[in-house]
Protein chains: 2
Amino acid sequence: MTQINHNFLELQGSYLFSEIAKRRTKFVQDNPQAEIISLGIGDVTRGLPEAVIKAMHAAVDEMAVPGTFRGYGPEQGYDFLVQAIIENDYKARGIDIQANEVFVSDGSKCDVGNIQEIFSNDATVAVQDPVYPVYVDTNVMAGRSGKFNKETNRYDNIVYLECTAGNNFTPSLPDRKVDLIYLCYPNNPTGMTLSKEELKKWVDYAKANNAIILYDSAYEAFIQEKDVPHSIYEIEGAKEVAIEFRSFSKTAGFTGIRCAYTVVPRELKGYDPEGNTILVNDLWNRRHTTKFNGVSYVTQRGAAAIYSPEGKEQIKALVDYYMTNAKIIREGLASIGLEVYGGVNAPYIWLKTPNNMDSWTFFDKLLSEANIVGTPGVGFGQSGQGYFRLTAFGSRENTEKAVERIRNLSL
Amino acid sequence: MTQINHNFLELQGSYLFSEIAKRRTKFVQDNPQAEIISLGIGDVTRGLPEAVIKAMHAAVDEMAVPGTFRGYGPEQGYDFLVQAIIENDYKARGIDIQANEVFVSDGSKCDVGNIQEIFSNDATVAVQDPVYPVYVDTNVMAGRSGKFNKETNRYDNIVYLECTAGNNFTPSLPDRKVDLIYLCYPNNPTGMTLSKEELKKWVDYAKANNAIILYDSAYEAFIQEKDVPHSIYEIEGAKEVAIEFRSFSKTAGFTGIRCAYTVVPRELKGYDPEGNTILVNDLWNRRHTTKFNGVSYVTQRGAAAIYSPEGKEQIKALVDYYMTNAKIIREGLASIGLEVYGGVNAPYIWLKTPNNMDSWTFFDKLLSEANIVGTPGVGFGQSGQGYFRLTAFGSRENTEKAVERIRNLSL
């Protein structure tokens, strides 16, 4: 008999977005005249920047004829893109990253999902709570989670780092030894950030405990405030303990085009069962070249175009557009006395539900009374109970309309 | 200490293509005037079909403006592509496949590499020898291979199915119980095929032994002869025992664009440790939606265009071009008394080295005396020793020149 990977059986239903869709569908059936506004899923809505469109057209034309046609490219990404990343995202901030430390991929979801493969199945995993579900689910599939406890809404062997208003969404260091720490900043779903000082505590912890930080900074482009670190490598010594994930998805509207990259420094070491040192970069390179075949040439040309002078201006305009939406939501909700977080350096607004309503009750209220779809905080973990996520990725018109409707609610 | 996945340490150096590159580079340094022709790596060289180029341009334009912009798409692929696949690749051959059985991806390498994740780490794996290295390496990473034995050039726990001229490259059924069987037809590297009758034996074996066949038919489009099965689902009952992998890479020149798909029938079942039946389709769907975020919309539009009337004509012309190359190589080599296989239903020619030369000796001879780069058969496994792979993916001019050079060799 071909046995399955039984760890999959420990996965909890990916109920969040399907439950949202179900409730939305039912509401629309019962209220066909309702004009629903979705500030739920974290997907962009504006067109791709002109520079990207132009570069992609040019690349498509190159693919039409033998002389300029490109077949298999380097699995780690074309040099033109890797160099642009190094120059603009790192060197410009005083960070020295080498070409063999950058791995271009088709998405941060894939990279943060796949990275755990190169570590031991016995590794102890710490995640923030609330959390992007992929960090947890991929470790469940690998057998690192232990059993799911329905009472606590948590897995037995995963260490949860609580992020609530009570600690200003700044997690405490783990109270027991952990090996892999997923940190996401600017944070999805809370929209909050860490100061350099706070981030340094994590780097120091990882050094002292031989842990590795998996630093997801997919929302880096949305940082507006001066003191917020854009890269974990701004912290001294972080290259010895951290892998960084970046994405073009939200930065440049690439959710439907698929491009991201991961930085695995040559300084980063793991250990084999005999205690010998192994370069994590070598492992990831082997994984990446064995199970992945590179990103579309057309896509990579599009991604490289965002680093051109026009491209930079255009993605700044894109980010400004969404961050203005974030400001409208944040200020609009605060003005009626709601407790709001995030939305300053991230496209997510995390709000405390009024009157300690639970997340799903607030979801139903917002849907039925304001015809707005958002995301219940508890869907991201137990510490998200009583919170709610709205995103800034809608159109200006819909965002303004949504805020107006919420302001008119009786809360 | 963060321990690594120590299974990675069992991987053998991916020496094949790097060793080829090393020897080629050295030869070019020593002989800068030499005009090298590469018939080595299995990559295409012609431009993309016009219908694909047109569809991709149109899709890029759609991505430029909010009204037609597409963000996250369905992880399993857009319906327009899934329906075109079902209609043209299956229904047209009398095979009934449902939309929820098709999973569009960014490459067969990824799919055949990732599929093993959903099965138990204790599963016994059988591969053909010679073999596409990804099947083996990804199982090594998962810990299914056991130790590598330098004397046999094989892993202890993998079952190798020998394919040599001695059995007309038709493997015998395994002599012990196996759970997962990788079959590749038309075969890479040998270029050989299985008849329906032979393929039926494997389906029957899998049924009788509760095994699962992982059927890689990336080269299906190159089949010219009538009786060769295009899909394993042409065999009755195969949906209960087989997963099929297909790719646009070679069919339509997508190696640099990245698109493929995998069919996981709803009839296919695995077992949990208690012996309960689990739908493999559900597991793969969960894996695919958790660790993958869909293929670029632009790419999917390009892929769908190959199913249009113009697209079909254009990819037929593309396949004909390469298969004419194959014929030129096959007949040219046979005419000087070389034993050649494949090249009839596949773009690969597998030749027996003259005078029982070992694969690498023949590589060096071909490089130094004819300035041609090919692939030593032993690089694909021990049963490839004494064989050599040439590909039909070059230009017509280079292919003809290469054959002429080989004809003039003293062998």
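Helices here are DSSP runs of H or I with at least four residues, strands are E runs of at least two, and both are numbered from the N terminus. I began with B:Ile329, which sits in helix H9 (residues 309-334) of chain B.

I noted the ground rules. The model is predicted, so I kept in mind that local features need pLDDT of at least 70, side-chain atom pairs count only at pLDDT 80 or more, and totals for chains, interfaces and linings use all residues. Residues are numbered from 1 along each chain as its sequence is written, chains are lettered from A and ligands numbered from 1 in the order in which they are written, and side-chain values use heavy atoms, with hydrogens and water left out.

**B:Ile329.** I looked up its accessibility. At 1% relative accessibility B:Ile329 counts as buried (under 20% relative accessible area; exposed is over 50%, partly exposed in between; 1.4 Å probe, protein chains only). I then listed its contacts (heavy atoms within 4.5 Å). Leaving out residues up to four places away in sequence, B:Ile329 touches B:Leu39, B:Ile349, B:Leu390, B:Thr391, B:Ala392, B:Thr399 and B:Val403.

**Helix H11, chain A.** I compared length with expectation (1.5 Å times one less than the number of residues). The 12 residues of H11 (396-407) should span 16 Å, and the end C-alpha atoms are 17 Å apart, which agrees. Its buried residues are A:Thr399, A:Ala402, A:Val403, A:Arg405 and A:Ile406. They cover an arc of only 160° around the axis, so they lie on the same side of H11(A); the arc is taken over directions from the helix axis to the C-beta atoms. Their cover includes strands E1 (37-38), E15 (372-373) and E17 (387-391), with helices H9 and H10 (359-370), of chain A.

**Helix H2, chain A.** H2 (50-62) has 13 residues and reaches 19 Å from first C-alpha to last, close to the expected 18 Å. I found its buried residues packing against H8 (297-305) and H9 (309-334) of chain A. They also pack against H2 (50-62) and H8 (297-305) of chain B.

**Interface.** I turned to the contact between the chains. It takes 80 residues from chain B and 79 from chain A. The buried area (accessible area lost by two parts on being put together, 1.4 Å probe, summed over both) is about 6800 Å², with 61% from carbon and sulfur atoms. I counted 4 salt bridges between chain B and chain A (Lys or Arg side-chain nitrogen within 4 Å of an Asp or Glu carboxyl oxygen). B:Glu75 and A:Lys109 meet in a salt bridge at 3.0 Å, N to O.
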